[in-house]
Amino acid sequence: GISRNSRVGFKLRCDMVDSELLPAKQSVLREKLKTFIASHCREHVITILSADDVAAHYSIVADLQQLIDDDTEASQVLLKQPITSLEEFIEAMCELEQEIIEQNDDSGLMFKANVHVRLCNPPPWPELCRHTVPTTCDVGQLLAFSGTVIRIGQVNMLESRRGYQCDKCHNQYVVKADIEQHYVIAKPTSCLGDCRSNKFSAMPIDPGCYRDYQEIKVQEHVQKLTVGKIPRSIVVLLMDDLVDSCKPGDDVTVVGVVTRRWRPVKESEQTNLELLLLSNYVSVHNEQKRGVFITDEMKQEYKEYWQSFTDNPLEGRNHIVSSVCPQVFGLYAVKLSVLLVLIGGVQKSGLAGSHIRGESHLLLVGDPGTAKSQFLKFSAKLMPRSVLTSGVGSTSAGLTVTAVKDGSEWQLEAGALVLADGGLCCIDELGSIRSHDKASIHEAMEQQTISVAKAGMVCKLNTRCTVLAATNPRGCYDTNESLSVNTTLASPLLSRFDLVLVLLDQRNEEWDHLVSTFVLNKHKTTPTDDANGLQWSLERLQAYIIHTKTVNPVTTEPANQVLSRYYQVQRQTDCYGNTGRTTVRLLESLVRLSQAHARLMMRDEVTLQDAIVAVAIMECSMQGAALLGSIDALHSSFPVNADEEYATQEKLILDKLGLTLNSS
């Protein structure tokens, strides 16, 4: 990097560049740019020259930070006049191609005219890197804008230039398409020769004048905006080899030039202008840890934390669990379930193209006032990439993807599940979604893709996200009826949720006293007084979850025996109409939960303890079919001694399953 003083001085010198000097120094600038390409991208240029297709478009990627370090003067001109400088970049590349071909006559290298120079890695200056939509003051500036793709258009063919010939003197002119006027090619008004004629004829069309182009819409990151601010979006123009480089829901960084665009002006009509970003380079970065960086110090801190709980690791785990939604009292089973679902299991991909998802799904069914929405909102804040939506009024298009007609063409606009790809999608009031709209999320939850066939556009989009949903029961929850009847959710949808926790607000005088005392004490104490040193902050918990996802535990034989036996017992048990919950997906859910618990404990192996905890959590969601009897998830409090409680659970579960295993 460059220091702040160097950056300020660089900007002042860049602002002093005279825009009139560039035409006189084009040859000097071109030579400098050619030297830069030759020193850093020569091997890539030779690879392009060795390609067979002469008419294809090729690109080299140049490091903008490296250019600023190597040649300050050339980079000043580039940032001051980006459009002209990028054209000089292409000319410099063509000259370098000619030189390389002349130096290697018998090597079979072929000249490529359709070449582009893409600028990546801009320095992290506020003048260059933006997380908000550019404004009118940025017109003509080169900058990098980061956001989420919410809409993509079809790839169309653009006539980039057209030739005209004067009818009198036969002078020929080439007119380029005006991007600022929606690609209009205006006929010359008068001949520049002596005839001054205003009559022209179009010349035969050159096939090389056509270029691929695509318009996408990129929206600001919602997580980086202040509360209440509506995210804005900007249209980005992709040309040539950049088309189809991203899809709805992708997180992208676009390096390009800001310009304006308007429809051809008509008399007595107001002209509508909009900002447009002419892209030069597009990078897609869909990693989960956006905005969260795990340092070596943090890794060492986590390692020391678990070393301090060597004798009682479950006690250390419960300290982390208590940090989930701390404003809610108790609900130990729900908090542990939410944490395991957010961590998720290990994704598996087979050689034959088979795919087993690693993300878990959780459904909270409960009476009003049981903190369902609180868990959804906290989880959305906890995950770096999340989308929170309500099922009231939501349609299948809003949840998956919709086709929008913009002008004369159709465009795909991403819904909630696509925008949450690689993160978390929280759906409140799931039961309010219409039945035929609920069926649209079946593929998104299990196969983690959405097959689109709308308005002539057929494609497949990724929805690799965790779904955390909440719904109210239909009327008063009847324990004698199945979960499907109480929630009006069909069995195919229920079977896709790894866990379904029922929170019933039963009258319990002792529990009501504890809750009321907890709530009233919250109003008496300040946030600093309330922190007891055991709970983790939101930032620390967020970083830890990201860190646990790097662990890929392997299942051991004792854990396999417990999970397999439990699955067999559930299949043979009278499920009281809960057959939709005891499919083979139950076994996959158990594996994911045990892997998530091993990740939470930072273990490389899924031990017997992880399998027992996974079974105990699963028991909370097996209404009417639980081996351990009815478990009230709402009134579950944190155990006084976690290790003693686990020992009791292990003995009980192993006895019920008829297994004799050594916990060591």
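# Chatting through the pocket, a strand and a helix

Me: Which elements each supply at least two residues of the lining of the largest pocket?
Reply: They are helix H7 (82-103) and strands E2 (115-120), E9 (210-219), E10 (233-239), E11 (251-262) and E12 (273-284). Helices (H or I, at least four residues) and strands (E, at least two) are DSSP runs, numbered from the N terminus. This is a predicted model, where local features need pLDDT of at least 70, side-chain atom pairs count only at pLDDT 80 or more, and totals for chains, interfaces and linings use all residues. Residues are numbered from 1 along each chain as its sequence is written, and side-chain values use heavy atoms, with hydrogens and water left out.

Me: Which one gives the largest share of that lining?
Reply: H7 does, with 7 residues.

Me: What's the volume of the largest pocket?
Reply: About 1200 Å³. Of the 35 residues lining the largest pocket, Glu87, Ile90, His116, Lys176 and Arg211 are the closest to its centre. A pocket here is an open set of points on a 1 Å grid over the protein atoms alone, where a 1.4 Å probe fits, with protein on both sides within 12 Å along at least five of seven lines; lining residues have an atom within 4 Å of a point. The volume is the space filled by probe spheres set on the points, which are joined across faces, edges and corners.

Me: New topic: is strand E19 enclosed or open?
Reply: Largely enclosed by the rest of the structure, because 5 of the 5 residues of E19 (424-428) are buried. Buried means under 20% relative accessible area (1.4 Å probe, protein chains only).

Me: Which residues sit on which side?
Reply: Leu424, Cys426 and Asp428 are on one side of E19, with Cys425 and Ile427 on the other.

Me: And what pairs with E19?
Reply: Strand E16 (386-390) runs parallel to E19, joined by 5 bridges, and Leu388 stands opposite Cys426. Strand E22 (466-471) is also parallel to E19, with 4 bridges, and there Cys425 stands opposite Val467. Strands pair if DSSP finds at least two bridges between them.

Me: How many residues of helix H9 are buried?
Reply: 8 of the 9 in H9 (313-321), including Pro313, Arg317 and His319.

Me: What do they pack against?
Reply: Helices H8 (296-308), H10 (332-343), H20 (538-548), H22 (584-600), H23 (608-620) and H24 (642-657). That packing goes by contact, meaning heavy atoms within 4.5 Å.

Me: Last one: how many helices and strands does the protein chain have?
Reply: There are 24 helices and 25 strands, and buried residues make up 49% of the 664 residues.

Terms used: Buried means under 20% relative accessible area, exposed over 50%, partly exposed in between (1.4 Å probe, protein chains only).
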